[in-house]
Amino acid sequence: GQTIGIIGGGQLGRMMGLAAKEAGFKIAVLDPTMDSPCGQIADIRIVAPYDDEAALQELAEVSDIITYEFENIDYDGLKRLTQIAHVPQGAELVRITQNRINEKAEIRTSGAPVANYIEAQTFDELKDKIAEVGFPCIVKTAFGGYDGKGQVKLDSAQQIAEAESLFTHSACIVEAFIPFTKEISVIIQRNAAGQSYCLPIAENIHKNHILHESIIPARVSPNIIIQAEEAATKIADHLELVGTLAVEMFVLENGEIIINELAPRPHNSGHYSIEACNVSQFHQHVRAVCGWPLRKPKLWAPCIMVNVLGEHVAPLKKVVMNYPDWSIHLYGKSEAKEKRKMGHVTIMTDQIEKTLKEIDATGIWA
Ligand code: ATP
Ligand code: MG
Ligand code: MG
């Protein structure tokens, strides 16, 4: 049988790997950690850093197709793999999305709307140029931020010093603060032939800058849905996407949207598709990287996805058996550290508001 090699061994790799295994593939995974969520389900484990020459060589040898499950892998290593193995997605999208400066520029070039922003290589440059964006604004490191880490909101010039430490590791971008009414995400998947589909749009609710709940379909007007799918399609076509791209967006009061950021992989806000769609984001990703025609996504029922962080695991396990409609996923991470993504729950429901209240009433996510 054929083997799909996955770079990165987190939960996204695990769910991607499980989908691939269901379709009859073997899985090889490259990840630096011993007991990664994807490593646990893999047929072949390569435990090594992402830039390890011998490990990359081995992955190339055992894999018929190579994909990745997150963007902060070693770009040069991925680039080298494209020369010695079949990497349908290429390396360019990872280069772009690893760096917010490149990412924003590409979104703008695609014609999709972005917040007014500037880039600053140094703190001095930030001080010189910040007036071009004004206040309030958000300063974000170009490299490596996630779950709101590596960013600072500035409400006035008096606060500028709070952004200085961001520059120790990276250049930054400064973007206008967007007073959004909602956050949504479009997961678009595309194959090399240029066929693409968006999954039903998720409405995302964050707590402490970490995704807490996704509600599907997003509770927005049909006009927003059209704009959001058009923007995602523009970006995907511009980037000549192969595989999966998650496009995070803000919805404004005036009925417009602004693109926040991209993730070149399956996304937390698409986990609902495992139960609630006729094709999960992971199955569709496998189809896309294999060069197969894509299935037109269809939502079986409205649903809510709730993230399970370290602190939620114990209280959830006490009661989850009493909720037969909750589909629980735990990723096999041994250490339930606070704020660490350990799993998620998907609930299909015809009464979104009522179910949101039930989730709150459990006290697990208080
Ligand atoms: P992720 O975990 O989604 O990768 P991240 O650390 O890369 O997050 P962003 O998605 O850019 O960071 O920002 C995190 C959150 O901060 C957003 O979901 C949004 O709630 C808020 N935010 C980011 N940029 C802006 C902005 N320009 N205006 C208003 N809020 C913003
Ligand atoms: Mg991000
Ligand atoms: Mg984000």
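A residue counts as near a molecule here if its C-beta atom, placed from the backbone, lies within 6 Å of it. Keep that in mind for the ligand. And note that this is a predicted model.

So, ligand 1. How many residues surround ligand 1? The shell holds 17 residues. The closest are G145, Y146, D147, F177 and I178. Two strands each supply at least two shell residues: β6, residues 137–141, and β14, residues 257–263. By type, the shell splits into seven charged, five polar and five nonpolar residues.

Where does the ligand sit relative to the domains? Domain 2 covers 116–176, and domain 3 covers 182–361. Both give residues to the shell, so ligand 1 lies between them.

Next, the record. UniProt has an unreviewed entry that places the feature "domain: ATP-grasp" at residues 104–290. In the model, that stretch is 24% helix and 32% strand. Its end C-alpha atoms are 29 Å apart.

Now the strands. Start with β9, residues 182–190. It runs antiparallel to β11, residues 202–207, and three bridges join the two. Move on to β12, residues 210–216. β11 and β12 pair in the antiparallel sense, over five bridges. Here E203 has I215 of β12 as its bridge partner. β11 and β12 form a hairpin with two residues between the strands. In that hairpin, N208 takes a positive phi near 50 degrees.

Stay with I215. This residue is in strand β12. Is I215 buried or exposed? I215 has 24 C-beta neighbours inside 10 Å, so it counts as buried; the cut-off for buried is 20 or more. Leaving aside neighbours within four places in sequence, I215 contacts A202, E203, I304 and I352.

What does V247 touch, not counting residues up to four places away in sequence? The list is S185, V186, I188, A231, A232, I235, I259 and L262.

Two distances to finish. V247 and L59 are 188 residues apart along the chain, with their C-alpha atoms separated by 29 Å. I215 and T67 are 148 residues apart, and their C-alpha atoms are separated by 28 Å.

Methods:
Residues numbered from 1 in each chain as written. Chains lettered and ligands numbered in written order. Predicted model: local features only at pLDDT ≥ 70, side-chain atom pairs only at ≥ 80, totals over all residues. Helix = DSSP H or I, 4+ residues; strand = E, 2+ residues; numbered from the N terminus. Nonpolar A, V, L, I, M, F, W, Y, C, P; charged D, E, K, R; others polar. Domains from an automatic or database assignment. Pairing = 2+ DSSP bridges. UniProt positions renumbered as here; feature names shortened; annotations may be inferred. Contact = placed C-beta atoms within 7 Å. Buried ≥ 20, exposed ≤ 12 C-beta atoms within 10 Å, placed from the backbone.
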